[in-house]
Every structure is written in C-alpha cells, then in structure tokens.
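This report sets out selected computed features of the model shown below.

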Amino acid sequence: MIDKFVRSVAEALAGIKDGSTILVAGFAQVGEPRALVDGLIEQGAKDLTVVHNTAGRGREGVARLIGEGRVRKIICSFARSRGSVLFEEVYARGDIELEIVPQGTLAERVRAGGAGIPAFFTPTGGGTKVAEGKETRVIGGRECVLEQAIIGDVALVEAWCADRWGNLVYRDAGRNFNPVMASAGKLTIAQTQNIAELGELTPEVIVTPGIYVDRIVHVPSGDPPVVIS
Amino acid sequence: MANWKPWTREELAARVAADIPEGWYVNLGIGIPTLVGNYVPPDREVVLHSENGVVGMGPAPSPDRLNPWLVNASRQHVTLVTGASYMNHADSFGLVRGGHLDLCVLGGFQVAENGDLANWSRSANDRAPAIGGAMDLAVGAKRIWVVMEHTTKTGEKRILKRCTYPLTATACVKRVYTDLAVIDVTERGFVVIDTVPGISFDELQARSDAALCSS
C-alpha cells in the first residue's frame, strides 16, 4: 500500500543534506509551507541554495533561515520587503549570494526543471541587466536570453488537501508556485491543511498528481495571516 | 503661477480606465495602475489578471467578506468576479509571456522616446533589487501603458531621449499617462494626444527631456 504520510515535520525533513538546493513555494504568505521552513531551521541543514519568490518577509520563514546564516545563495525575483531588513543586512555584509530573476523566468525555470527541459530562450530580460553574462540570440527579431532550468534537491510545498498517494489540491491563490515546485523537487515534501481518503479527491480537481510527491505531513495550521497593506 | 493643475492619482486612474474597451484582458501593476480597476464601469466587462494565478479579479472585499487565501500580486486582499479562474504560477506567467494579455498598465521611473522602460531600480548597485513580474509583463503583453508623474518630486525629467536607470525592457511602451499629459510612443517619437486643461505645449516640453510632437 502506498502511504506517503509521515507523522511529524521532523520525519518529513529527515535526511536533507548541507549544500542542498531547496525550492520553497508560496506567494505573499499564501500557500507557503511555513511549518516545513521552520522545521528546516530546526533540522539544521546549512550552506543551502534557496529558490523562493522573495528573500523572505519580516523575521520569519525564509527570512529567518537567512538570518540564521544557513543560506549560501538565494534565487528570487523580489529581494525587497517592507518592514524587513534581514536579507539586506546579510547581503550588505557579503554573507549571501543573490541571483535576481524575473518572476516569470523563475517560474518557467522551475517548470522546465520538472519537465526535463535543460534550458530555454526567452525575450524576458533581453537588453537588460538580467541578460548580462548569459548567452543571447536574436529570435524572431527579438533579443532572447538563455535561461537554465532549476531542479531542487528538495521542494517544500503547502496543499489544502492531500490523499495518501500524494495527490494535492490547493485553495484559492494558495496554488501559485506549489504545483510547479512540486514537479521540480528530487524530494518533494508537502504539508497539508486537510486529509482526504484515496478516491475522495475527484480526478478532475487534482492539481498535482501524487507522482510528484514523496512525503506528506498533516499541518492544520489554518488560514494564512491577513495582510494589512 | 501656472493656470493649470496636474491630474490627481484618482483622476489619472479614471483617465486610463476610460480608454480600456470591453472584452480586454488586463494586468494592472503596483501603485496608480492598481487604482485603475476601481474606475472601470461595472457594466463594462474587462477581465483583470493577477500574476499569482488569478484571472477575473474583483475589487477589495468588505472586512466581513475577506478571504485570507485570496491576494493579488501586490499582496492586497481581493475578490473574484463571476467567471474567474485560478492557475499555477508558471501557467500564469505563460499567459503573460505568451502574448495573451491585451494590456498591461505599469508604473514607471523613466520612459524613453524609443519605448524603453525603466521601472524596477534607480541604481546599478541596488541594496535589495526587486524585479518581480515587471520584465515578463513588459515583454509579454500586447500593449504596455505606463502611468507616472511627469517629473520627479524634485523636478527631474522622466520623459527622456534615453533612460538612465536600469531597463525593465526595450522598446515596449505604447502610451504614457502622466499627471500632465497623455503621450503616445510612435515611430516619430513622443506624440501628445491630451493634456491637463490650460497647460501650453511649451510648458509641457520644458518638463520633458525628449522632443514632443503634437498630434
């Protein structure tokens, strides 16, 4: 019987090695695998490359991982965060490498990683700083930039509901990077708000088929915090 | 004293909204562009896209109807309109990069007469650089309209021969809405198609680096 559920966050994160590339899903604190990121801080792996849309918010989650000195390199589209200078402090000291990537290129590099496409040309970033040091080619009259796929040693995602095969569904805007990153992790770990019996999630609604998912942990953490802007 | 006054942020947003026809799929950037959504008449079906995977975004919710799981790309809580759908981030940007959006309205720091846009960084040595989705949108949407103040608060010009800040994308801007004028970017350069009442062409030119043409 296939059963990908594990009993604890610690069990879900067991075996993650120093130097790993970690994909962390979520956007604007919705659909963010917070329990797994907090668990990774406890787990202790260091010298990590983290792939996430931002360099973290406030002093929690990815920002805290950076603040604890555990991240060697961050690959993100947005390194600025209102009310947080954790990344900026570490970056100003030269203690972290930053690769800034257009958000669509970031999503597509991860998608390519999960789909076996080693690299692709895109006009996004053509003629800008993003193209510097990269192979470029004029295709259809536009300068295109060669962008490399991203594969994670580990992908951390949050689902709304999961069954024991690892079939996942997401809630509202909580989908975001989750299905993309789930497909691109050599070891994909999901935390889920709810559990379904196998067969309860109808085939039409399953967004991430269980083939992409290795471990699941039940974390009924409730609604994400309301954003005051 | 000048006998004209600049359009307010709200007037500017309403001016942009008036130019969006029914049936367009539109992405609105951060800042004044976000306000544009408030001024599209309710009987005109314009479908708003948000980069985090929402097609069919509605206005901000009343506090009792707030859904913590539903935000837009600016991290604001929003609602859905009837007929809305969700997609993942790669599909959402595939929609952007694949040329499916009729229009993206972006904020800007500088626009050049060849349509170059600078809107993500004011310095080559940014302490915390933030591109977000701007480069994908600037390259991908069928039309880019930029909304910005005509000059900076200290009077520096933003309608330029060449951008001096790091570029977001080259030759992408079709129209600029400033607080003083509406200006098309054409093969013969900047063409002024509307201004605030009372401003003269020379007064507008004096606030612009690149040469302006009258329509």
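## Residue A:Gln148

A:Gln148 belongs to strand S8 of chain A, residues 142-148; strands (E, at least two residues) and helices (H or I, at least four) are DSSP runs, numbered from the N terminus. A:Gln148 is classed as exposed because it has 12 C-beta neighbours inside 10 Å. The classes count other C-beta atoms within 10 Å of a residue's own, with C-beta atoms placed from the backbone: 20 or more is buried, 12 or fewer is exposed, and anything in between is partly exposed.

Apart from neighbours within four places in sequence, A:Gln148 is in contact with A:Arg109 and A:Ala119, a contact being a pair of residues whose C-beta atoms, placed from the backbone, lie within 7 Å. A separation of 43 residues in sequence from A:Thr105 corresponds to 9.5 Å in space, C-alpha to C-alpha.

## Model and confidence

This is a predicted model, in which local features need pLDDT of at least 70 and side-chain atom pairs count only at pLDDT 80 or more, while totals for chains, interfaces and linings use all residues. Residues are numbered from 1 along each chain as its sequence is written, and chains are lettered from A and ligands numbered from 1 in the order in which they are written.

The complex receives an ipTM of 0.96 and a pTM of 0.96 from the predictor. For chain B the mean pLDDT is 95, with 100% of residues at 70 or more; pLDDT is the predictor's confidence in each residue, from 0 to 100.

## Chain A overall

Chain A has six helices and 12 strands. Its radius of gyration of 18 Å is close to the 17 Å given by the globule rule for 229 residues, so chain A is as compact as a globular protein of that length. The radius is taken over C-alpha atoms, and the rule is 2.2 Å times the number of residues to the power 0.38.

Of the 229 residues in chain A, 50% are buried. Among contacts in chain A with a separation of 6 or more, 74% join residues 24 or more positions apart.

## Residue B:Val185

B:Val185 lies in strand S11 of chain B, residues 181-186, and is buried because 26 other C-beta atoms lie within 10 Å. Beyond four places in sequence, its contacts include B:Gly115, B:Val173 and B:Phe190.

## Interface

In chain B, 35 residues are in contact with 41 residues of chain A. Helix H3 (89-97) and helix H4 (134-140) of chain B each supply at least two residues of this side, and H3(B) gives the largest share, five residues.

Key: Contact = placed C-beta atoms within 7 Å.
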